[in-house]
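Subject: Structure handover

Hello,

Please find the structure below. My notes on it follow.

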Amino acid sequence: SQPYLGDLTISHVTPTSIQLEWTVPEGTFDSFTVQYKDAQGQPQVVPVHGESRTVTVPNLVPSRRYKFNLYGVWGRKRLGPISTDAVTGEDGCGSFPCPIHGFGAGQDRAQHAHHPLLSIAAPAPPVEEEPPSRPRLGDLTASHVTPTSIQLDWTILEGTFDSFTVQYKDAQGQPQAMAVDGGSRTVTVPNLVPSHRYKFNLYGVWGRKRIGLVSTEAVTGGDSCRQCLRALSVASPEPPKEEPPSRPQLGDLTASHITPNSIQLDWTVPKGTFDSFMVQYKDAQGQPQVVPVNGESRMVIVP
């Protein structure tokens, strides 16, 4: 039966990030897509795995209202959206949790005409329950390097995190951030510049706290390097001598669903498996854009 989305709520707010949570009362989705506009009014998208029910949207501007739309992807259909909006915390919040201001998708704004900023407090845990132990990050390493991407891997010494945030500066010195699902232990950072040194910081998000950081540095390969395997921080262990896996092969790429402001892409993999995919395109201003996709996926919506 066709799944359907429940409620979209704000569970954690800082001056530069907002954590979203949602419910799926019935069925399962293949993936989700969170859409919003940044401080410059440019549309942004955060792809989320179908098993997740939370994501942290990073790199926001303090004291600014954002509206978030969540779509569920089921087969070739995009269902939804459900929406909510919230205001990022002020700079004075520092490392402490900021009060959450916003309206959920099912709330009546007219009922709160005299309360333009409605605080939604997180429910207190039952007194009799033992609080979960604080998780700990282990090591962060760069395991695979190409001229335009670096794959990061990390370990968790204890406990579990709700999500992770990777931060780095691009070739122009502008800070960048990537939100990663709490079940992941690897991510590929795309759209880098050849022969450039990058420093990466990884934070773990646990409830209302940002725990970490762990760091590593790596240099992207030169233009002539196709599959570089060098990282400055930790050298990759020598692989065991075994039969190498067969080289995977891409099949067809098709556009299966088109709206005025989005295109759904589908592709096939006739042979083998890929670690991940990257969709590259140029936006209406001619600026190159990239959408990272999980290696198990066979579709993505470009908003």
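Tyr 66 and Phe 68 are both buried (under 20% relative accessible area, with exposed over 50% and partly exposed in between; 1.4 Å probe, protein chains only). This is a predicted model, in which local features need pLDDT of at least 70 and side-chain atom pairs count only at pLDDT 80 or more, while totals for chains, interfaces and linings use all residues. Residues are numbered from 1 along each chain as its sequence is written, and side-chain values use heavy atoms, with hydrogens and water left out.

The structure holds twelve aromatic pairs (rings of Phe, Tyr and Trp, the last by its six-membered ring, with centres within 6.5 Å; planes under 30 degrees apart count as stacked, over 60 as edge-to-face and the rest as tilted). Tyr 66 and Phe 68 make a stacked pair, at 6.2 Å centre to centre and 25 degrees between the planes. Tyr 198 and Phe 200 are also stacked, at 6.1 Å centre to centre with 25 degrees between the planes. Tyr 198 is buried because its relative accessible area is 2%, and Phe 200 counts as buried at 0%. Trp 22, Phe 29 and Phe 32 form one aromatic cluster.

**Asn 201**

Asn 201 lies in strand 14 (residues 197-206). Is Asn 201 buried or exposed? Asn 201 counts as buried because its relative accessibility is 18%. The side chains of Asn 201 and Ser 215 are joined by a polar contact of 2.5 Å (a pair of N or O atoms within 3.5 Å; within protein, one must be able to donate a hydrogen and the other to accept it, and residues adjacent in sequence count only if both atoms are side-chain atoms). Leaving aside neighbours within four places in sequence, Asn 201 is in contact (heavy atoms within 4.5 Å) with residues including Thr 165, Gln 167 and Leu 213.

An open sheet of three strands has the order 16-17-20, with antiparallel pairing (two strands pair if DSSP finds at least two bridges between them). Strand 16 (253-259) and strand 20 (299-302) are the edge strands, each pairing on one side only. Strand 17 (residues 262-267) pairs with strand 20 over four bridges, and Asp 266 has Met 299 in strand 20 as its bridge partner.

Strand 18 (residues 276-282) and strand 19 (residues 288-294) are antiparallel over seven bridges. These two strands form a hairpin with five residues between them, and Gly 286 in the turn has a positive phi of about 80 degrees. Lys 282 has Pro 288 as its bridge partner in strand 19.

Arg 298 is found in the loop between strand 19 and strand 20. Arg 298 is partly exposed because its relative accessible area is 31%. A polar atom of the Arg 298 side chain lies 3.1 Å from the backbone oxygen of Gly 295. Arg 298 and Asp 266 are 32 residues apart in sequence but 5.7 Å apart in space, C-alpha to C-alpha.

Regards
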